[in-house]
Amino acid sequence: MASWNINEEKIPQGRLSLFSYVSVILAIVLLVGFWKLQVVQSGHFLDLAERNQVRSIPIIAPRGPMLDREGRVLVDSYPSFSILLLRDDAKLIEKSLPQIERGLDVSEEDLRDQLDAAKDEPKFQPIVIKPAASEADIAFVESHRADLPVLELMMVERRRYSYGEMLASAIGYVGEVSASQLEQSAGRYRPGDIVGKTGLEKQYNDVLEGTDGMRRVVVNSVGKVMRPLDNVEAIPGKPIQLTIDYDLQAIAETDMADKQGAVVAMDARTGEILAMVSRPTLDPNDFTIRVPADEWKKLNSDPESPLMNRVIQAQLAPGSVFKIIMATAMLESKAIPETFTVFCPGHAEFYGRTFHCWQPKGHGEVDFHRAIVDSCDVYFYNVGKLLGIDRIDYYATGLGLGRRTGIDLPGEENGLMPSEEWVQRVYHHKWYAGETISVAIGQGAVTATPIQMARAIAAVASGGLLVQPHLLKGLTSPKEERFSLSEDTVEKVTQGMYGVVNEGGGTGGSLKLANIELCGKSGTAQLMSYEVGKRLGKNNVNTGWFVGYAPRRNPEIVVAAAVQDTSEHGGEAAGPVVRDIVKAYYEKKTARSQQQASAENPSQVAPAHPLVATAGAKQQ
Amino acid sequence: MKERPRVQDFDWNLLAIAGAICSIGVLEIYSATHASAMVGMQSRQLIWIGIGLAGMILISSIDYHALLEQAPALYLFGVGMLLIVLLIGHARSGAKRWIAVGGLMNLQVSELMKLIIIIVLARYLSEVRTDRLTFKDLVKIAALTGVPVALILVQPDLGTAMVLVPVAAVGAFLAGIQWKHWVVGVVLIGLMVPIGWNMRHHLKPYQQQRIRTFVHPEENPRGAGYQILQSQIAVGSGGFWGKGFGKGSQNQLGFVPVRYSDFILAALAEEQGFIGVCVVLLLYLGLILRLVDNAQKAKDRAGMFVVMGVTAILGFHVLVNAAMVIGYMPVTGIPLPLMSYGGSATAFVFLALGLVMNVHMRRFVN
């Protein structure tokens, strides 16, 4: 037996039993703990487990293309790759930066700035270091997968504006969703989503934008993809067909290439916009990738406002084009007999002030018809004085001035049609009667956008039909207005506008077209006197207008052109582009009817319509 | 002298419970690792269980009185080994816990120290002749335990160091503690908590981290609180019936940290549900109660203290591990006995059970 002193006396059994009881109690405590997690909170933890292992990777839906009225692609989308920098391992990034700099040709400084900017974002969120990767870039990432695991490729859908600057201000551009849009979208957008920012891209964003799909994968604890779970395919955005005619658009673009101003061609019967140009403009392809902040500032502060769509946003003095409104008001109101004549000595005096006619020599004895054809200022000064501002306002507003046309583009401006009420409201004083004299020739406070002028002139020529201009082919129920004009008024005024182009001595005499009843009215709005212009070092102080249409009654096509900062008169500056478009319109129409005729005759097989022939040519 | 005790006199009920726990453990190790680079772990665990069983038979064949007689020598040997580990033991996993033996396998000296402290305290307490321990006794017990605890702490291995304390605490409680010493003890612990809290800056960074994680698990879900949160997710998502064998996503995709070892209970809870946890915890309760039963039936004080020393260590392991898995305690690196993968830990449990068998077999002897 053991050599040390063993105490044979047993210890009280109660102490051992107590140990057993404590064990049972502790076991129950543990089981309650498990019960809480596994039964009470089971749903919560199932949810967390799901989030742990399932990663959702968005599949970007391509935006819908935009086609012209004949189905030619103006805008579409193409898949492209962005290069991502994974930020999980800061040390690894540090080591890789020089190699990335060399391989992808991005400056290390830039990369550091981007990393710095993103340092408060969650670490697992990568940053885009190259939004439009070239083939060489992609090859670089692919071939360095092993030694540069911080780089990753992501497929994105990028917008392609096939013809660059063509129709750019109407089409608009896309960009990353803004913080405020993100907030308003109620979860529809995620940061970094691409949405339409301006123009048609914005207007029809809901149609163009598809529904992003989702690829769900199971990942393990280090984020490695173990297996796919399910796919929700992306639903591509729907295409939209525009009323634009590529051929007419191309002519308008070429004519306006080195000018500043706007041209809009519209089907006068339906309001379909056939061509729309605003110059200067920019290539929206430059916006599909990030626009550097300083570049953006420069664009916004550019005095030539390349971001503006002048067709709907330039509020210009309409100049002599406004005389058509005056002429209509004169006949329609019957306040002045239609036989009213004025002797024009080249100037006239009203309310103690001398007003000049554009023709210093004067027009001599001028009647209603000659007043339009020769655009005699003195005649319309008198008309204005006799009508008064409120009567002018009534007819101008009736013909759509001073209010939006309702075109399907964001950001349309109102223009301004002054009235006594307006002066009272804005300036709190009475209307100066002398101001009416200026308004009578489209100067003074009155301003209008090119689209308003196109619509107003078309309305006069078609007996008071005000169409809703639109760019979407098949726009459901465009809102038409009627401002009814008497047959006599329409006949006399349109005769005048016919005379402008087709009678000897008219201000648009050089625009005459064979076999086409081109009518119209020129205008030359002076922004400042020649003297002031000279002092400011500006030779070009005019806005040259021409609004033309054909045929004389119930026109099919109306074209308004406004050329800004020109030294020429309206007929010279803006007339040719109107003439070219109208001419092209009729040539196409003739070609189409000939083709139709040959198609009806089975012996003559017509070649396929050159729908795609123009698609490849990039408009410069 | 009566006849020699034989293997047939083992406590077969106890062994059956241990066997059941081991089986569940091996299955869960298989489930947790079969689809990973660590495939085949369950076979190694089986080998360790075999080695443990052999060790158990061996240790049960030496009369525990003979072992207790060698207590001072064993104690010196154990402390000496701990010192050697500290001096020449090579660093592994940031801790000097392992010492190369024979170049073939690694033996955790700390595990051995657990067995030695059981024997040493059983020896000391069996010699006490009073019904209540004197202050001197308590100081001696504290000193005997404190030296190895300190040596293991500086390795550093907080978990194993802590495990030695309940042997002393349970032993002292059973031997009888005077009321005034209870009060002093409680006051001392009450003082230690704030002091320890202020001393936390002297802890190793990983220990500081673990404490911080325990106090604020939500602070950084990808960082420090990650293990506890992932363990809770595994347990909670298992629900009442579990996701099925080999079907726990948290387990299979590696979200559960060291799912084959310290967190094997989380892996099991995910795949077998609350039902499975009940079975396992009841098996452990059965094991503890059976051990207490053995203690009660021990022939003498010494045998009782040996069995209760084993009971204290195993009970502490199960309590701390299970509480950690559900987030009730910080991560301390204490494995679940008989279930967690680990050679020396498993071997230790079987050797400890060998001591119990030793006492059990000799309860009727002389």
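This is a predicted model: local features need pLDDT of at least 70, side-chain atom pairs count only at pLDDT 80 or more; totals for chains, interfaces and linings use all residues.

Visitor: Why is Val174(A) called buried?
Guide: A residue is buried if 20 or more other C-beta atoms, placed from the backbone, lie within 10 Å of its own, exposed if 12 or fewer, and partly exposed in between. Val174(A) has 27 C-beta neighbours inside 10 Å and therefore counts as buried. This residue lies in strand 6 (residues 174-176) of chain A; strands (E, at least two residues) and helices (H or I, at least four) are DSSP runs, numbered from the N terminus.

Visitor: What makes strand 9 of chain A lie largely in the open?
Guide: Of the eight residues of strand 9 (residues 225-232) of chain A, zero are buried, so the strand lies largely in the open. In chain A, by contrast, 41% of the 620 residues count as buried.

Visitor: How do you know that strand 8 and strand 9 of chain A pair?
Guide: Two strands pair if DSSP finds at least two bridges between them. Six bridges join strand 8 (residues 213-219) of chain A to strand 9 of chain A, and the two run antiparallel. Val219(A), for one, has Val225(A) of strand 9 as its bridge partner.

Visitor: Why is helix 13 of chain B called roughly antiparallel to helix 14 of chain B?
Guide: The axes of these two helices, the latter spanning residues 343-361, come within 9 Å and cross at roughly 150°. Angles over 145 degrees count as roughly antiparallel, under 35 as roughly parallel, 65 to 115 as roughly perpendicular and the rest as oblique; therefore helix 13 of chain B is roughly antiparallel to helix 14 of chain B. Axes are lines fitted to C-alpha atoms, for helices over the stretch in contact, with angles from 0 to 180 degrees between N-to-C directions.

Visitor: What makes residues of chain B and chain A count as being in contact?
Guide: Two residues are in contact if their C-beta atoms, placed from the backbone, lie within 7 Å. By that rule, 45 residues of chain B are in contact with 40 residues of chain A. Helix 12 of chain B gives the largest share of chain B's side, twelve residues.

Note on methods
Residues are numbered from 1 along each chain as its sequence is written. Chains are lettered from A and ligands numbered from 1 in the order in which they are written.
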